[in-house]
Amino acid sequence: MANNQTLMVVVLLSIFMARSHSKGDQDIVQHKNQDAAIEQLTVFKERTFVADNNVTLWCADNGTDVKLNELIFIVWNISMQGKKCYLGLSSDLGLNDTCKDGKKLNHTSFSLFIPKISKEDEGFYLCDLSYKGGSKSVNISVSVTHLETQLDSKNGQRIAVCKATYKETKPSLHWEPALNFSFTNTSVTKVDTFFIMENHVHLPEYVTISNITCVASYPSVSGSLQQNSTLDLTTQDIPNTGNFSRELIIAISSGFFFFLLIIVSLAVVCLLCRKPKHISALKMFCCKSKISPPAEDKPAQPADVEEVEPYASYIQRVNSIYNSSAELFNA
């Protein structure tokens with residue numbers, strides 16, 4: 001009897017342990033399924049765009065089958081460099097925009113439109129879409145590329161420089177057409193939160209073409225993204241990044257020679273002007289005589305008797321007239 005009771009207890013314990021183990025496995029599977037469902041809710045993407053292009057970001061893959069009458073809400077939360085804002089649309093509150101920088105939310109596809117994207121638009125774009133049949137969420141890391149070219153000179157050698165600025169996706173740089181470059185160098189420098197890749201090539205001494213193009217290729221999921229920048233090889237104002245070039249030295253020497261020639265010529269002219277016996281046509285042309293020309297002779301003017309007559313003669317003449325009148329009256 002005791003053995004039967006012991007056997008019964010062992011059987012019950014085995015059934016209990018089996019059920020507990022089975023329940024634990026079911027809980028683990030359920031938790032894994034929940035975690036997988038959570039991971040599927042948010043999709044992470046990385047997108048690289050060329051500056052000054054119009055860009056559209058999708059909350060679903062190139063659109064959604066959600067109808068406007070099924071929408072509960074959609075919010076684009078944007079975190080850019082030094083700025084955070086959002087664009088939202090709900091069936092109750094309508095449209096709300098705190099960015100106010102040209103970005104627009106499409107009411108039909110619920111996509112986000114960015115006009116002429118620039119480096120100020122770089123950042124993270126999180127879209128939350130909720131509708132009556134479920135929800136969607138995507139987090140997009142947006143980076144903007146910038147490509148520029150310039151012509152430098154060092155030790156008389158012209159150098160073509162291509163500079164690509166990027167945040168995450170590293171490009172590859174090459175030149176078209178491919179010339180016979182004597183030297184090529186590529187370097188990458190980190191500045192704050194972005195990188196700068198520079199490619200330097202030494203141009204041949206004689207180039208028959210007027211321009212070359214730097215091509216930057218960025219790998220992406222949808223295919224390679226390319227950006228071009230054309231460099232004009234006929235530019236005359238070329239900055240010198242090293243020692244003086246041969247042409248610059250020749251120009252400076254020529255200018256100094258002409259300046260010295262002018263100084264010597266002026267000195268010779270001054271010496272000729274100081275020696276009277278070397279009077280020549282050059283002296284007469286360059287030197288002004290210090291002797292003033294003689295004044296023209298003017299005819300002598302007759303003196304006015306009234307102005308020059310002495311006072312005593314005048315009194316005597318007046319008295320003689322007076323005496324003659326008195327004698328005439330007495331007679």
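I will start with a term: a residue is buried under 20% relative accessible area, exposed over 50%, and partly exposed in between, with a 1.4 Å probe and protein chains only. This is a predicted model, so local features need pLDDT of at least 70 and side-chain atom pairs count only at pLDDT 80 or more, while totals for chains, interfaces and linings use all residues. Residues are numbered from 1 along each chain as its sequence is written, and side-chain values use heavy atoms, with hydrogens and water left out.

Charged pairs come first. Side chains of opposite charge can pair when their charged atoms come close. A salt bridge here is a side-chain nitrogen of Lys or Arg within 4 Å of a carboxyl oxygen of Asp or Glu. That rule gives five salt bridges.

One of them pairs Asp101 with Lys103, with 2.8 Å between the closest N and O atoms. Asp101 is partly exposed at 31% relative accessible area, whereas Lys103 is buried at 5%. Another pairs Glu122 with Lys119, at 3.3 Å from N to O. Glu122 has a relative accessible area of 1%, so Glu122 is buried.

Glu198 and Lys163 also form a salt bridge, at 3.9 Å from N to O. Where do these two sit in the chain? Glu198 is in strand E13, residues 194-202, and Lys163 is in strand E10, residues 157-166, so the pair links distant parts of the chain, 35 residues apart. Strands, marked E, are DSSP runs of at least two residues, and they are numbered from the N terminus. Glu198 is partly exposed at 22%, and Lys163 is partly exposed at 22%. Salt bridges with shared partners also join Lys83, Asp101, Lys103 and Asp121 into one network.

Now the cysteines. A disulfide is counted when two cysteine sulfur atoms lie within 2.5 Å. How many disulfides does the whole structure hold? The search finds three.

Cys59 is joined to Cys127, S to S 1.9 Å. The torsion about their S-S bond is about -100°, so this disulfide is left-handed. Cys59 is in the loop between strands E2 and E3, Cys127 is in strand E8, and they are 68 residues apart.

Cys85 is joined to Cys99, S to S 1.9 Å. Here the torsion is about 90°, so the link is right-handed. Cys85 is buried at 7% and Cys99 is buried at 5%.

Finally, Cys162 and Cys214 form a disulfide, left-handed with -80° about the S-S bond. Cys162 and Cys214 are both buried.

Note on methods:
Helix = DSSP H or I, 4+ residues; strand = E, 2+ residues; numbered from the N terminus.
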